[in-house]
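Try each task yourself before reading the solution.

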Amino acid sequence: MTKAAAIEVPAKGGFSFDLCKRNDMLLKKGVQMPPFRKTGTTIVGLIFQDGVILGADTRATEGPIVCDKNCEKIHYMAPNIYCCGAGTAADTEAVTDMVSSQLKLHRYHTGRESRVVTALTLLKSHLFSYQGYVSAALVLGGVDVTGPHLHTREEGIDLVAEAICSGIFNDLGSGSNVDVCAITKGNVEYLRNHKLPNPRTYVTAKGYSFPKPIEVLLTKVTPLREKVEVIESGDAMEETVTAQALAMARKPPYQ
């Protein structure tokens, strides 16, 4: 009996280059590598038995660059209404904040709870007036006096999380974590980072630490000297410091 060869396990963290030689060999043999997919943000809206569930990934990109791994794409509109945003981050933030303030003024004026159709009308009117120049693709959800019944709450959350994970693992424009927002009558449950499908791994449990040295930007020593005048008066000699000399000694070196 011979002992089985030990299996080398790669260290945690970092990028593995184990398949680079294999991929290069396949390319030389004429095998075309599968193309990547990048369509953008993944957002989901679902109606269940008691309310609405919204979901979104947390990756913000600028072309091939990942700008933020844990941004919020589920925006507050009203106490009973939230909105998922995709597109340009600045546009989605600006549009949802503007409509949210209008809904708040409407509640103050009427004394009633905001309705989803009101928020929908405000969003549609604003986006249509700009004819596509405001890049904001939105999924609006909320609970007011009406609402259909489809799924149970647990099934709805699992289904939304599974749909977002599909975008995270199959689309380069989506990634990082899963946010879920469950809205029911009189209650909102915002599940921030409900799932972490891509946890960060480190070589050590404490992660990485970087020293922060103290840098000296400028060192300059300017000595101060007093101008002394010697005045002879008869046989006695007196040393007096004039007011002008004192002023020059106290003057800052850069004035």
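Two strands count as paired if DSSP finds at least two bridges between them. Keep in mind that this model is predicted.

**Exercise 1.** Find out how strand β6 is joined to β5 and to β7.

*Solution.* Start with β5 (residues 74-78): four bridges join this strand to β6, and the two run antiparallel. Together β5 and β6 form a hairpin, with two residues between them. Now turn to β7 (residues 136-142), which pairs with β6 in the antiparallel sense over seven bridges.

**Exercise 2.** Classify the ring pair of Tyr-76 and Tyr-82.

*Solution.* A pair of aromatic rings is described by the distance of the centres and the angle of the planes. Rings pair if their centres lie within 6.5 Å, and planes over 60 degrees apart count as edge-to-face. Tyr-76 and Tyr-82 are 5.6 Å apart centre to centre, with 80° between the planes, an edge-to-face pair.

**Exercise 3.** Is Tyr-82 buried or exposed?

*Solution.* Buried means under 20% relative accessible area. Tyr-82 has 12% relative accessibility, so this residue counts as buried. Tyr-76, at 38%, counts as partly exposed.

**Exercise 4.** Which parts does the pair of Tyr-82 and Tyr-190 tie together?

*Solution.* First check the rings: the centres of Tyr-82 and Tyr-190 are 6.2 Å apart and the planes are at 70°, so this pair is edge-to-face. Next, Tyr-82 lies in β6 (residues 81-87) and Tyr-190 in β9 (residues 187-195), so the pair ties together parts 108 residues apart in sequence. Finally, ring pairs link Tyr-76, Tyr-82 and Tyr-190 into a cluster.

Terms used: Residues are numbered from 1 along each chain as its sequence is written. This is a predicted model: local features need pLDDT of at least 70, side-chain atom pairs count only at pLDDT 80 or more; totals for chains, interfaces and linings use all residues. Side-chain values use heavy atoms; hydrogens and water are left out. Rings of Phe, Tyr and Trp (its six-membered ring) pair if their centres lie within 6.5 Å; planes under 30 degrees apart count as stacked, over 60 as edge-to-face and the rest as tilted. Buried means under 20% relative accessible area, exposed over 50%, partly exposed in between (1.4 Å probe, protein chains only).
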